[in-house]
Amino acid sequence: MADSQLYVYNTLKREREVFVPLHPPFVSMYVCGPTVYGNAHLGHARPYITFDVVCRYLMYLGYKVRYVRNITDVGHLENDADVGEDKIAKKARLDKVEPMEIVQRYTLDFHKNMALLNNRSPSIEPCASGHIIEQIQMIEKILAHGYAYLSQGSVYFDVQRFEKDYPYGELSGRVTEDLQHNTRELDGQSEKHNPLDFALWKKASPEHIMHWPSPWSDGFPGWHIECSAMSAKYLGETFDIHGGGMDLLFPHHECEIAQSLGANGISPVRYWMHNNMLTINGQKMGKSLNNFITLDELFSGNHPLLEKAYSPMALRFSMLQAHYRNPIDFSNKGLEDAEKAYEKLSAVYVLLKEMNWAGTTVNTEIEKVLSSFEKECVDAMNDDINTAVVISNMFKVSSYVNQFYSSGKTEGVSKEAFEKFKNAYLLFYRDILGLLPDQQMERSNEDFDKLVDSLVDLRNSAKKEKNFTLADALRNVLSQFVTLQDLADKTIWKHEKKK
RNA sequence: GGUCCUGUGGCCGAGCGGCUAGGCAGAGGUCUGCAAAACCUUGUACGGCGGUUCAAAUCCGCCCGGGACCUCCA
């Protein structure tokens with residue numbers, strides 16, 4: 001990018017556009033959150049890491065971001081139309097617990113894993129169950145405008161009627177005529193006037209355990225209305241960014257647009273951003289496909305498809321190594337490679353953090369590379385959040401940092417350029433990509449540390465006395481528990497077993 | 001069947017008309033008592049066939065392969 005403006009790919013326009021917020025310096029962003037009826041899995045990691053980085057970068061650009069991400073706790077229908085059962089209610093019935101117990105359990109699990117991935121908490125995390133009134137009010141508006149109808153206690157959005165006034169299918173590129181042909185005729189759809197219509201409010205059957213009173217029936221809100229109602233409440237009828245996985249494009253996001261237009265007459269979102277999917281062995285990961293790996297399993301290595309445990313940061317890094325709009329295929333090899341690469345980068349981060357400028361000469365080449373580092377990273381991020389190129393840039397400068405460290409001097413770079421570079425590197429690593437330096441994976445305790453320190457001292461004494469037999473024996477023992485590294489003047493060790 | 005995305009060196013993965021992506025693995029070297037780490041050197045890729053252009057991995061067409069959505073899903 002020649003100019004330093006942020007460009008993002010807008011799914012609605014199918015091209016990159018300059019990002020200009022509606023009310024600078026504020027940016028309003030909504031991201032579809034999880035339905036909390038199961039453990040957080042690998043698939044959840046991708047969108048929330050992606051939009052966490054988007055949010056972090058917007059903050060770096062000086063925007064004040066309000067980031068809203070919902071928790072879906074009223075459940076969507078398990079199957080289509082009348083035969084469906086609320087997902088959360090179903091899980092609750094199977095587990096013989098209160099629905100809200102399910103919600104609580106998996107919300108906590110989700111939060112725990114998001115924290116491990118170092119995703120910042122959203123500014124507001126509204127629950128669907130806490131916004132039944134807002135959803136009912138929105139449905140009333142849609143009804144009043146004639147874009148919905150009541151049918152046996154349920155309310156449906158009238159797509160055909162809506163299409164007379166507004167386009168339907170713009171976001172996903174659907175043509176309703178084609179959709180008609182491709183819609184399967186399911187039993188029990190008689191409540192709908194048209195197969196394309198979707199539920200705004202569903203009357204609850206007697207055995208349905210989650211339901212709320214409404215002007216139409218005791219029931220529960222439809223599949224898509226919560227996002228429309230809650231985004232409008234907290235971000236306004238039009239807001240800047242709506243994010244989510246590509247799989248939500250149709251029908252979920254398409255319906256959100258229709259609902260907002262139907263209720264407020266305004267298209268709700270200015271920039272639609274969609275992350276691509278994660279596949280496992282080339283196949284989409286899905287609850288129904290039974291091939292998903294939970295984050296707990298990934299971090300513990302406890303899953304048949306996993307060769308070992310992977311750290312949350314390795315996962316985060318591996319996802320940021322690819323562009324968010326391209327698919328990622330999960331593999332052990334891929335994660336292992338990412339883990340190694342991430343550890344190298346982290347080592348550089350740790351070294352650089354403690355490093356101070358000390359030099360005498362300026363080398364034009366080094367000076368140039370280091371002083372253009374920040375701009376190159378900014379350019380990459382401005383180019384539709386290209387984290388892969390940012391990481392590439394970080395590797396390009398890594399060898400300089402390592403050389404500075406080995407020589408003990410920051411030779412070849414001016415003080416000003418070094419400090420600018422250092423700050424930028426720390427900023428991109430920690431604040432924008434949201435990476436954390438290698439956490440000590442293994443639990444440590446003081447006694448253990450003291451013991452290791454003593455053995456390391458003993459080994460160094462042996463080395464001084466050229467008693468290499470003893471030194472090697474000590475090294476062999478130590479390397480069963482930690483990783484040793486001899487530097488010029490001292491020995492450092494990490495809580496990592498030799499592989 | 002419809003809509004859309006995609007095919008890059010051993011593997012992963014950027015790239016949006018001309019200029020080295022990067023990582024992992026491999027090979028050679030420097031340093032080191034050994035080990036580890038680090039540093040240096042090394043590989044010249046773009047599914048196939050045509051076309052546009054002075055110039056194409058990058059644009060267009062066709063063919064072949066992979067995937068997503070069209071039903072809850074991040």
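This is a predicted model: local features need pLDDT of at least 70, side-chain atom pairs count only at pLDDT 80 or more; totals for chains, interfaces and linings use all residues.

Me: Which helix or strand gives the largest share of the surface near RNA strand B?
Reply: The elements that each supply at least two residues of this surface include H1 (42-60), S9 (239-245), H11 (332-353) and H14 (387-407). The largest share is nine residues, and the element they come from is H14.

Me: How many residues surround RNA strand B, and how many of them are charged?
Reply: Altogether 57 residues surround RNA strand B, with Lys87, Trp223, Lys284, Asp337 and Arg475 as the closest. By type, the residues of this surface comprise 17 nonpolar and 21 polar ones, and the number of charged residues is 19.

Me: What percentage of the atoms of RNA strand B within 4 Å of the protein belong to sugar or phosphate?
Reply: Contacts of several kinds occur. A backbone N or O atom of Gly43 is 3.1 Å from a base nitrogen, while a polar backbone atom of Gly245 is 2.8 Å from a sugar or linking oxygen. The side chain of Lys340 has an N or O atom 3.4 Å from a phosphate oxygen. Of the RNA atoms within 4 Å of the protein, the rest belong to bases, and the sugar or phosphate part is 62%.

Me: How far apart are the C-alpha centres of domain 1 and domain 3?
Reply: The domain assignment of chain A places domain 1 at 9-275, domain 2 at 280-432 and domain 3 at 446-494. Between the C-alpha centres of domain 1 and domain 3 the distance is 57 Å.

Me: Is Asn113 buried or exposed?
Reply: Asn113 is part of helix H3, residues 99-116. Leaving out residues up to four places away in sequence, Asn113 touches Ala40, Leu295, Asp296 and Phe299. The relative accessibility of Asn113 is 0%, so this residue counts as buried.

Me: What span should helix H15 have, and how far apart are its end C-alpha atoms?
Reply: Helix H15 runs over residues 415-432, which is 18 residues. At 1.5 Å a residue it should span 26 Å, and this agrees with the distance between its end C-alpha atoms, 24 Å.

Me: What covers the buried residues of H15?
Reply: Among the buried residues of H15 are Phe418, Phe421, Lys422, Tyr425 and Ile432. After H15 comes Gly434, with a positive phi near 70°. The cover over the buried residues of H15 includes H12 (364-371), H13 (373-382), H1, H11 and H14.

Note on methods:
Residues are numbered from 1 along each chain as its sequence is written. Chains are lettered from A and ligands numbered from 1 in the order in which they are written. Side-chain values use heavy atoms; hydrogens and water are left out. A residue is near a molecule or strand if one of its heavy atoms lies within 4 Å of it. A polar contact is a pair of N or O atoms within 3.5 Å; within protein, one must be able to donate a hydrogen and the other to accept it, and residues adjacent in sequence count only if both atoms are side-chain atoms. Helices (H or I, at least four residues) and strands (E, at least two) are DSSP runs, numbered from the N terminus. Ala, Val, Leu, Ile, Met, Phe, Trp, Tyr, Cys and Pro count as nonpolar, Asp, Glu, Lys and Arg as charged, and the others, Gly among them, as polar. Domain bounds come from an automatic or database domain assignment. Buried means under 20% relative accessible area, exposed over 50%, partly exposed in between (1.4 Å probe, protein chains only). Contact means heavy atoms within 4.5 Å. The expected span of a helix is 1.5 Å times one less than its number of residues.
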